[in-house]
Amino acid sequence: MRTYAWGSRTAIAEFTGAPSPTPHPEAELWFGAHPQDPAWLQTDGGEQSLLDVLRADPEGELGPAVRGRFGDTLPFLLKVLAADEPLSLQAHPSTEQAVEGFAREERMGIPVSDPTRNYRDRSHKPELMVALSQFEALAGFRPAARTVELMRALAPEVLEPFIALLCGQSDADGLRVLFTTWITCPQPDLDKLVPAVIDGAIGYVRSGEQEFAAEARTVLELGERYPGDAGVLASLLLNRVTLAPGEGIYLPAGNLHAYLHGIGVEVMANSDNVLRGGLTPKHVDVPELLRVLDFSAAHDIVVRPHSVRDGAELVYNTPAPEFSASVLTVDGEHLGHQIDAPTRHDGPQILLCTEGAATVHAKASAVVLDRGAAAWVAADDGPIRLDAQEPTRLFRVTVGI
């Protein structure tokens, strides 16, 4: 369990059935084999780290096909994330950028544990966030024309000189120039500009206008928590997204984003590379962030699952080779009977119960999963069968096909 300050004292506890509220904010619950926080398996021999289990039998646990693609490492990481406060503005590098950046910082002798280190491994970090509750986020640069409308609605006199930077050139070029201008702005100038934009947002909210109400309220929330931070201005450039339960957003390399509020399931490549851009007291490396950002406008960023095999599985399509995510549903006429789970491939999988309860039957054993509990199914222990007495949903992560 990660207990960051932006976490929730209730969301994860209630999801897992633990006492609530908790003494400290609970932010992330990890299920995977990341060295910083590996999952622990309940086995006949007692608790064992998933890392140790993989090292002892990589062929049986991962399968030959996955080992051939990714070596002896589980390539994905599953998290439950709960945010009561906004996370930092951030982006993740591509594989090429991560390899080069990791090598560069190794040559510089920067310890991996150093808080100023940008690259802690050589991997990219594509990620999928699927909402378990209503989930609020900033994700990807908004088309420039729409951002001009927002800026003119909030604070036209203050922002007009910056609006000009978005006009007369491509979205990517205009967004690059404007974002760079704001993130490199001297602090005395930010101390004047940010309050002026906040005043414009206050006026917009008071006016009762609804078109940009969510964006204006986000400016106010961020401005209260991070006064004088360039990230407050940067929020004006990003898509403001509200996800209903079951909807997701996919964040490829270079996508600037910030989670604002809610609880969700997050799946990603097994990496810890983060470049921050504001809304945080942590290290912000502006030149490196600018090097990795993709300033193209992001369209249609909400990911909705599609049904396979008569609705028994809802799959979230993403291009990430490290993971594939889906939801298995047991309800209706299937309750009280063992049913075969659709077989994606012969690799390992993690199952997280998000609703109801089910018994998961594998070749060697069976385990009961209540809401908030997860199961590891090794490659040589599949396929699986499911048995539920009440409507149940299991979030499933496997290696990408």
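This is a predicted model: local features need pLDDT of at least 70, side-chain atom pairs count only at pLDDT 80 or more; totals for chains, interfaces and linings use all residues.
In which loop does P21 lie? P21 lies in the loop between α1 (11-16) and β1. Residues are numbered from 1 along each chain as its sequence is written, and side-chain values use heavy atoms, with hydrogens and water left out.

**Overall fold**

- The protein has 12 helices and 22 strands. Both are DSSP runs numbered from the N terminus: helices are H or I with at least four residues, strands are E with at least two.
- The C-alpha trace spans about 70 × 55 × 40 Å along its principal axes.
- Of the 401 residues, 55% count as buried. Buried means under 20% relative accessible area, exposed means over 50%, and partly exposed lies in between (1.4 Å probe, protein chains only).
- Take the contacts between residues at least 6 apart in sequence: 73% of them join residues at least 24 apart. A contact means heavy atoms within 4.5 Å.

**Strands and sheets**

- Four strands form an open antiparallel sheet in the order β16-β21-β18-β19. β16 (339-340) and β19 (366-370) stand at the edges with a single partner strand each, so one side of each has no neighbour in the sheet. Two strands pair if DSSP finds at least two bridges between them.
- Inside this sheet, β18 (residues 357-361) and β21 (residues 385-387) pair in the antiparallel sense over three bridges. The bridge partner of H361 in β21 is R385.
- Strand β1 (residues 28-31) pairs with β4 (residues 76-83) in the antiparallel sense over four bridges. E28 stands opposite L81 in β4.
- Both faces of β1 are covered. E28 and W30 on one side are buried, as are L29 and F31 on the other. In a regular strand the side chains alternate between the two faces of the sheet.

**Aromatic rings and charges**

- The structure has seven aromatic pairs. Rings of Phe, Tyr and Trp (its six-membered ring) pair if their centres lie within 6.5 Å; planes under 30 degrees apart count as stacked, over 60 as edge-to-face and the rest as tilted.
- One of the pairs is F141 with F179: the centres are 6.0 Å apart and the planes are at 80 degrees, so the pair is edge-to-face. F141 sits in strand β7 (residues 135-141) and F179 in helix α8 (residues 171-183), 38 residues apart.
- F179 also pairs with F295, in a tilted arrangement: 5.9 Å centre to centre, 55 degrees between the planes. F295 is in the loop between α12 (286-292) and β12 (302-303), 116 residues from F179.
- F141, F179 and F295 form one aromatic cluster. F141 is buried at 1% relative accessible area. F179 is buried at 2%, and F295 is buried too.
- R2 lies over the face of W30, 4.2 Å from the ring centre. K282 lies over the face of Y4, at 5.3 Å. The rule is NZ of Lys or CZ of Arg within 6 Å of the ring centre and within 35 degrees of the ring normal.

**Cysteines**

- A search of the whole structure finds zero disulfides. The cut-off is a pair of cysteine sulfur atoms within 2.5 Å.
- The sulfur of C167 is 19 Å from the closest cysteine sulfur, in C185, too far for a bond.
- C167 is partly exposed at 42% relative accessibility, whereas C185 is buried at 18%.

**Backbone exceptions**

- Most residues other than glycine have a negative phi, and most peptide bonds are trans.
- A cis peptide bond joins G382 and P383, with omega about 0 degrees. P383 is in the loop between β20 (374-377) and β21.
- L279, not a glycine, has a positive phi of about 60 degrees. L279 lies in the loop between β11 (275-278) and α12, and is buried at 1% relative accessible area.
- D300 has a positive phi near 50 degrees. D300 is in the loop between α12 and β12, and is exposed at 80% relative accessible area.
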